[in-house]
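This briefing concerns the fold, the packing and selected residues of one protein chain. Please consult the sequence and the structure shown here alongside the text.

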Amino acid sequence: MAHSAAAVPLGALEQNCPIRVEHDRRRRQFTVRLNGCHDRAVLLYEYVGKRIVDLQHTEVPDAYRGRGIAKHLAKAALDFVVEEDLKAHLTCWYIQKYVKENPLPQYLERLQP
């Protein structure tokens, strides 16, 4: 069976290899490495107050979209907000969508207008 040359190798997304989200507090980002170290998906945030973070932007390379990677990033970021007892402002449209689809009380009570 021939494989298409245009197909992107799954790398970290193969069935037996779970998606692993890494948190870089210094750079204020959550990342998922894709296809080894060459590509990565990222969620960026910034502190906008002493205990308030702005979840600003989520980006997944085009070739990896539709595989649930952004959901893992969103969940990791929101879990971080809960664990650190922070409030969150959601600038990123994808995180807003994620919260609407997953309206967990621990997330909703942390949201800033």
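The points below are grouped by topic, after a short note on the model.

The model is predicted: local features need pLDDT of at least 70, side-chain atom pairs count only at pLDDT 80 or more, and totals for chains, interfaces and linings use all residues. Residues are numbered from 1 along each chain as its sequence is written, and side-chain values use heavy atoms, with hydrogens and water left out.

**Overall architecture**

- The chain contains three helices and five strands; helices (H or I, at least four residues) and strands (E, at least two) are DSSP runs, numbered from the N terminus.
- Read from the N terminus, the order of elements is β-β-β-β-α-β-α-α.
- Of the 113 residues in the chain, 33% are buried, where buried means under 20% relative accessible area, exposed over 50% and partly exposed in between (1.4 Å probe, protein chains only).
- Among contacts in the chain with a separation of 6 or more, 46% involve residues 24 or more positions apart; contact means heavy atoms within 4.5 Å.

**Packing of α1 and α2**

- Helix α1 (residues 69-83) and helix α2 (residues 93-101) have axes that come within 10 Å and cross at roughly 80°. Axes are lines fitted to C-alpha atoms, for helices over the stretch in contact, and angles run from 0 to 180 degrees between N-to-C directions.
- The two helices, α1 and α2, are therefore roughly perpendicular to each other (65 to 115 degrees; under 35 counts as roughly parallel, over 145 as roughly antiparallel and the rest as oblique).
- On the α1 side the contact is made by Ala 70, Lys 71, Ala 74, Lys 75 and Leu 78, and on the α2 side by Tyr 94, Ile 95, Tyr 98 and Val 99.
- By class, this contact of α1 with α2 has seven nonpolar, two charged and no polar residues. Ala, Val, Leu, Ile, Met, Phe, Trp, Tyr, Cys and Pro count as nonpolar, Asp, Glu, Lys and Arg as charged, and the others, Gly among them, as polar.

**Nonpolar core**

- The largest nonpolar core has 28 residues, of which Phe 30, Val 53, Leu 55, Ile 69 and Ile 95 touch the most other members. Such a core is a set of buried Ala, Val, Leu, Ile, Met, Phe, Trp, Tyr and Cys residues joined through side-chain atoms within 4.5 Å.
- At least two residues of this core come from each of β2, β3, β4 (52-59), α1, β5 (87-90) and α2.
- Helix α1 supplies the largest share of this core, nine residues.

**Aromatic pairs**

- Six aromatic pairs occur in the structure; rings of Phe, Tyr and Trp (its six-membered ring) pair if their centres lie within 6.5 Å, with planes under 30 degrees apart counted as stacked, over 60 as edge-to-face and the rest as tilted.
- Phe 30 and Tyr 45 form a tilted pair, 5.6 Å centre to centre with 40° between the planes.
- Phe 30 lies in strand β2 (residues 29-34) and Tyr 45 in strand β3 (residues 39-49), so this pair ties together parts 15 residues apart in sequence.
- Ring pairs link Phe 30, Tyr 45, Tyr 47 and Phe 80 into a cluster.

**Selected buried residues**

- Thr 58, in strand β4, is buried with a relative accessible area of 14%.
- Leu 90, in strand β5, counts as buried at 11% relative accessibility.
- Leu 90 and Leu 111 are 21 residues apart in sequence and 7.6 Å apart in space, C-alpha to C-alpha.
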